[in-house]
Amino acid sequence: MTQASKLEITPLEDQPFGCLVSLPGYCDNDPLKLNEEDFKTLFNAVHTHLVVVVKDQAKLSPKSQYELTKMFDPTIPEPKQEGFAGYGHGKEFRHEQSVLRKDGTTVKSQPQVQILGQGTFEANEPGNENGEAISLTHPSHTTFHHTPLSEDEIKNQHKTRFYRWHIDSALYDLLPPVVTTLLGIKVPPATEMQTISYEDSDEELKLALGATCFFSGQQAFDRLSEEEKQFALNTTVEYPPHPYIFISPAGATSDGITMVSEGKELAFDKMPEWEPEKIKRLPMVWTNPVTHKHHLQVHGCCLYKLHTKCPDGSIKTLGLEDARKKVHSMIRPAISPSRVLAHAWSEGDLVLFYNRGVLHSVTGELKGVKNGNDEKRLMHQCNIASGIEPVVVQ
C-alpha cells in the first residue's frame with residue numbers, strides 16, 4: 001500500500017469525538033519528522049477532535065515523546081530543577097501523602113516522562129530503560145472511592161468504575177499542561193471487557209479492560225442551560241494548596257467526579273509547607289484557541305471553592321461541600337455512556353489529547369482478574385506544565 005504524502009485525519013466511528021491520524025510516508029513512522037504544514041494539521045486536530053490516536057508507535061523513545069509533547073506549547077519554560085524538569089505534576093507527584101504517589105515511576109533519562117502500568121518489569125524489558133526492575137500499580141478505585149465495588153462485583157461480574165475524572169495538572173504553583181501524550185507499550189488485549197454501572201440510573205457502559213475514558217469539555221458546556229452557562233462563564237475555581245494531599249484522607253463519589261464531603265480533608269496547617277501566592281484560581285470555562293469554543297474544565301475532586309461574579313458586580317462564594325454539589329450536577333450528564341470516548345488500547349497506540357479541552361479517567365481492575373493473576377501493562381505518559389494560563393474569552 002502506498003503511504004500518503006501528507007498527514008491524514010479520520011474521525012473515530014460511532015464515537016462522540018476523537019480521530020485517528022495516519023502519518024505521511026516521508027515521516028518513516030516518526031511524528032517528530034512531520035513538516036511544518038503537517039504538524040500544524042496535527043496541532044489543529046488535537047484542538048478540534050480533542051483526542052488523537054496514532055498507531056504503531058511502540059518504539060517511540062521517551063526523548064522523542066517529550067520533544068513531541070513540547071511542540072504543542074511554545075510557552076513551556078526550560079527545565080530548571082534536576083529531577084523535575086517541568087513534568088506537569090511537579091515534585092508533589094511522589095509525596096508520601098499524595099493520592100498520586102503510587103501512579104508509576106519516572107524515566108530516569110527523561111524525567112518529564114512517567115512509566116505507568118501494572119506488574120513487575122525487569123531491566124531492559126520494552127518500555128523499561130531504567131536499568132533495574134520496576135514495579136507498577138494500576139490505579140484502582142478500590143483505594144480511592146468512598147464505597148468501592150465488592151470483590152464479587154469486580155472478579156465475577158467484571159465491573160469497574162471511572163477512577164477519577166481529572167485534568168492533568170498539579171493545580172498548585174504550576175499551570176495546566178496543554179497536551180498530554182500517552183503511549184501504550186504493553187497492554188492487556190482489548191477483547192477482555194468490563195462494565196461500568198451508573199448508580200444513579202440504569203445506564204451501563206461496556207468497555208475494554210483498562211480503557212482510558214474521556215469526555216469533551218465543549219460538549220459538557222454546550223449541554224448546560226443558559227443559566228448554568230452564565231454561572232460557569234463568570235465563575236473562578238479556587239484549588240487548595242497541594243490538592244492531591246488535601247483530599248488524600250477523603251473518598252471519591254462512585255462516578256469519580258468529586259469527593260464525598262465528610263470533613264476528612266487534611267487541614268491546611270497539617271500540610272507540607274505552602275505559599276499563598278502559589279494557590280491556583282482558574283476559570284471554570286477555558287476557551288479553545290483554535291475553535292474558539294468554550295470548554296467546561298473543572299477538576300471536581302480537587303476543587304476548594306467557587307467564586308462567581310454576579311450581574312451587580314458582587315462575588316458569591318460556594319464553600320467546599322456546596323461547590324462539589326454544584327460541579328457534580330454540571331458534569332454528571334457529560335459522562336453518560338453516549339458522551340464518553342472509551343479508548344480500547346492496542347500495543348503501540350500513541351494518544352495525544354487536548355488536556356485543556358477534555359477530562360479523562362483511568363478505568364479497569366487489573367489485579368487478580370485473570371485466573372487470579374494480574375494483567376501486565378506498561379505505558380509512557382508525558383505532560384509538561386505550561387507557561388500561560390488558560391483563559392475564558394467572553
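In strand β17, K316 is the bridge partner of T308. The model is predicted, with local features requiring pLDDT of at least 70 and side-chain atom pairs pLDDT 80 or more, while totals for chains, interfaces and linings use all residues. Residues are numbered from 1 along each chain as its sequence is written, and side-chain values use heavy atoms, without hydrogens and water.

Strand β16 (residues 305-309) is joined to β17 by four bridges, and the two run antiparallel. Strands are DSSP runs of E of at least two residues, and helices are runs of H or I of at least four, numbered from the N terminus; two strands pair if DSSP finds at least two bridges between them. The open sheet has four strands in the order β13-β12-β16-β17, with antiparallel pairing. β13 (281-283) and β17 (315-318) each have a single partner strand, so one side of each lacks a neighbour in the sheet. The twist from one strand to the next averages 25°. Helix α5 packs on the sheet and touches β12 (235-238), β16 and β17, its direction making about 55° with that of β12. Axes are lines fitted to C-alpha atoms, for helices over the stretch in contact, and angles run from 0 to 180 degrees between N-to-C directions; contact means heavy atoms within 4.5 Å.
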